[in-house]
Amino acid sequence: MKTETLTVPGAELHYEVRGSGPPLLLINGGDGDAAMFGPLAGLLAESHTVITYDLRGNSRSRLTGPPAPQRIEEHGHDAHLLLRSAAAGEPAYVFGTSYGGMIGMDLLARHPGQVRALVAHEPFVIDLLPDADRWHALFQEVYELYESDGLDPALRKFSEAIGVDLPPDPDPDLPAPVREMLARLRVNQETCLAYELRSFVRFRPNAQALRAAPFALVIGRDGPKTLLHRTTGALAEQVGADIAEFPGGHVGFLTHPADFARALRTAFEG
């Protein structure tokens, strides 16, 4: 694995490159970072040049200016610059989960020549729901609870509302790299609540661009149905796409990496 840093407007992106072959960009969402894709990236690197990175302001991708509310379009531009640097001009396969799927959609709409195919996993496109106003109001309440009572009460309210479990607290018996990743994710959760959640869920994909491109929507097949299953369904209806089921739940790429890698290869081939 090769580790690099890319300077982009307002940030320095930490990214990692594995393997050889056609480029494949993995984009995490929410509080995630490149380490969460480690098991999946290692498997996909058998046939692809796999590029993973920490989103700006998260983990090892430091901001070079003061923190401020972020937009999906800003992250889409980061992905564009990253591919221009790391993919040597070759169009890439792109997989994005949650916010990462939305970043991939923005990249595809504005730089279609850089994307060979896009697979979006449980994108959090709240603004497409008929009751979007209710959710926007709830996320504002989550932010205000974070400001008044701190991270843990706000995360509990958010997690219960959307139906997705929070990552566990670091266990001293876990391997050191896993403990370090979980500690980074906790800091990232603060960034998410303060600067990402309320603005990211206002993103509306370019449906025309998605209809014209190799694009697939997928959800986790295990566990309870969540708000992200609803948002994925709303997007599928808007663009006329089918929804495939992938192994695991919202982080199936981490809990079922081998099965997930096989499913992802099949989706790209389709």
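Q: Which residue stands opposite Val-218 of E7?
A: This is a predicted model. In it, strand E6 covers residues 115-121 and strand E7 covers residues 215-220. The two strands run parallel. The residue opposite Val-218 in E7 is His-121.

Q: How many bridges join strand E6 to strand E7?
A: Ala-120 has its bridge partner in E7, namely Leu-217. His-121 stands opposite Val-218 in E7. The number of bridges that join E6 to E7 is four.

Q: Through which helix does the chain cross from E7 to E8?
A: The path is a β-α-β crossover. Its hand is right-handed. The helix on the way spans residues 227-239 and is H8.

Q: How many residues of E7 are buried?
A: Strand E7 has six residues and is mostly covered. Buried here means under 20% relative accessible area. The count of buried residues in E7 is five.

Q: Which strands stand at the edges of the sheet?
A: The sheet is open and has eight strands, with mixed pairing. Their order is E1-E2-E4-E3-E5-E6-E7-E8. Each edge strand has a single partner, so one side of it is left without a neighbour in the sheet. The edge strands are E1 (2-8) and E8 (243-246).

Q: What is the average twist from one strand to the next?
A: The strands follow one another in the order E1-E2-E4-E3-E5-E6-E7-E8. From one strand to the next, the twist averages 25 degrees.

Q: Is Ile-162 buried or exposed?
A: Ile-162 lies in helix H5, which spans residues 151-162. Its contacts, leaving aside neighbours within four places in sequence, are Phe-124, Phe-139, Thr-226, Leu-227 and Leu-228. Its relative accessibility is 6%, so Ile-162 counts as buried.

Q: What distance separates the C-alpha atoms of Ile-162 and His-229?
A: Along the chain, Ile-162 and His-229 are 67 residues apart.

Q: Which residue has its backbone nitrogen 2.9 Å from a polar atom of the Asn-188 side chain?
A: Asn-188 sits in helix H6, residues 176-200. It is buried, with a relative accessible area of 1%. Not counting residues up to four places away in sequence, Asn-188 touches Asp-31, Gly-32, Asp-33, Asn-58 and Ser-59. The backbone nitrogen at 2.9 Å belongs to Ser-59.

Q: What is the radius of gyration of the protein?
A: The protein has 10 helices and eight strands. For 270 residues the globule rule gives 18 Å, and the value found is close to that, so the protein is as compact as a globular protein of that length. Its C-alpha atoms fill a box of roughly 50 × 45 × 35 Å, taken along the principal axes. The radius of gyration is 17 Å.

Q: What share of the contacts with a separation of 6 or more comes from residues 24 or more positions apart?
A: Of the 270 residues, 54% count as buried. Among contacts with a separation of 6 or more, the share from residues 24 or more positions apart is 74%.

Note on methods:
Residues are numbered from 1 along each chain as its sequence is written. This is a predicted model: local features need pLDDT of at least 70, side-chain atom pairs count only at pLDDT 80 or more; totals for chains, interfaces and linings use all residues. Side-chain values use heavy atoms; hydrogens and water are left out. Two strands pair if DSSP finds at least two bridges between them. Axes are lines fitted to C-alpha atoms, for helices over the stretch in contact, and angles run from 0 to 180 degrees between N-to-C directions. Buried means under 20% relative accessible area, exposed over 50%, partly exposed in between (1.4 Å probe, protein chains only). A crossover is right-handed if, with the strands pointing away from the viewer, the path from the first strand over the helix to the second runs clockwise. Contact means heavy atoms within 4.5 Å. A polar contact is a pair of N or O atoms within 3.5 Å; within protein, one must be able to donate a hydrogen and the other to accept it, and residues adjacent in sequence count only if both atoms are side-chain atoms. The radius of gyration is taken over C-alpha atoms; the globule rule is 2.2 Å times the number of residues to the power 0.38.
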